[in-house]
Amino acid sequence: MGNKLSPVENRAGISSFGLHILAMAFMLMDHMWATVVPDNMWLTCVGRLAFPIFAFMIVEGYYHTGSVKKYMLRLLVFALISEVPFNLMVSGSVLYPFHQNVMWTLLLGLITVYFIGKLTEGCLCAMRILGAIMVVIAAFLLGSALMLDYYGYGVLTVVTFYLFRGSRWYLRLGQLVGLWIINFEMIGGLEMPLSLGGMSFDLPQQGFAVLALIFIWLYNGTQGPHGKAVKYAFYTFYPLHMLILALIALV
């Protein structure tokens, strides 16, 4: 389970740094729509692309980190730091128990793929596969019960990129089918009327998330600019931008 080979080495593509910048920009658009410019629906449509990129990078981080446990600890620390800014952004109050920030979702996704990897390491017997399936089901239910951002579907997105990691056509097809099922069939949500070639149809707003694969498939397997300063700047962006948007919205 999970292709341990590195993704395609396309040096002309997008680095890990570039994907993070794109995901942060898409997230900022979505959160601007949720706070200061709610009439611009296109912002949240573009914002749908953010989470799949973050989920993809969680899986890449799982394979490339020097310590998975330290990686989990960083996510835990910033999930805690981000909770108040997230609450202020979504509810205008410091405490809001009905929706938790996306760092918790990414942390649960990372924990899930970690246990899948441990269960299936060196052996794919029926009992181990069954155990891995039970881990995914438990994580899905936990994410939904705790009302994490994207609920259990966010965990399934991380698992999809873990199971179909790589650049071969059948792995990319698995990513496409997985994201289609999660975003079109499972999440769905608000539908938007669209016209194309004289034909009219309704597209679930969440369906725009599948377009994130365009950027993910351009990933070239390189880090780009990196180091502790860059890493913690990425982590800090999440709570900081939410706090700024929440303060602007409250003025």
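L110 touches I58, Y62, Y71, M72, L75 and V158, leaving aside residues up to four places away in sequence; contact here means heavy atoms within 4.5 Å. This is a predicted model, in which local features need pLDDT of at least 70 and side-chain atom pairs count only at pLDDT 80 or more, while totals for chains, interfaces and linings use all residues. Residues are numbered from 1 along each chain as its sequence is written, and side-chain values use heavy atoms, with hydrogens and water left out.

L110 also belongs to the largest nonpolar core, which has 65 residues. A nonpolar core is a set of buried Ala, Val, Leu, Ile, Met, Phe, Trp, Tyr and Cys residues joined through side-chain atoms within 4.5 Å. Buried means under 20% relative accessible area, exposed over 50%, and partly exposed in between, with a 1.4 Å probe and protein chains only. The members that touch the most others are I53, Y62, L75, L110 and F161. Helix α3 (residues 50–64) supplies the largest share of this core, 11 residues. Helices (H or I, at least four residues) and strands (E, at least two) are DSSP runs, numbered from the N terminus. In soluble globular proteins, nonpolar side chains tend to be buried together.

Two helix pairs come next. The axes of α1 (residues 16–35) and α10 (residues 228–250) come within 10 Å and cross at roughly 10°. Axes are lines fitted to C-alpha atoms, for helices over the stretch in contact, and angles run from 0 to 180 degrees between N-to-C directions. Angles under 35 degrees count as roughly parallel, over 145 as roughly antiparallel, 65 to 115 as roughly perpendicular and the rest as oblique. Helices α1 and α10 are therefore roughly parallel to each other. The contact of α1 with α10 involves 13 nonpolar, four polar and no charged residues. For these classes, Ala, Val, Leu, Ile, Met, Phe, Trp, Tyr, Cys and Pro count as nonpolar, Asp, Glu, Lys and Arg as charged, and the others, Gly among them, as polar. On the α1 side the residues include F17, M24 and L28, and on the α10 side they include F234, H241 and L245.

In the second pair, the axes of α5 (residues 102–120) and α6 come within 9 Å and cross at roughly 170°, which makes α5 roughly antiparallel to α6. Their contact has nine nonpolar, four polar and two charged residues. Among them are F115 and K118 in α5, and R128 and V135 in α6.

Helix α8 (residues 169–187) has 19 residues and spans 26 Å from its first C-alpha to its last, close to the 27 Å expected at 1.5 Å a residue; the expected span is 1.5 Å times one less than the number of residues. Its buried residues are L171, G174, Q175, G178, L179, I182, N183 and F184. They pack against α3, α7 (151–163), β2 (199–204) and α9 (212–216).

Just after α8, G188 takes a positive phi of about 60°. G188 lies in the loop between α8 and β1 (191–196) and is buried, at 13% relative accessible area. Beyond four places in sequence, G188 touches N183, P204 and Q206.

Positive phi also occurs in residues other than glycine: Y150 is near 70° and Y151 near 50°. Y150 sits in the loop between α6 (126–145) and α7, whereas Y151 lies in helix α7. Y150 counts as buried because its relative accessibility is 16%, and Y151 counts as partly exposed at 34%.
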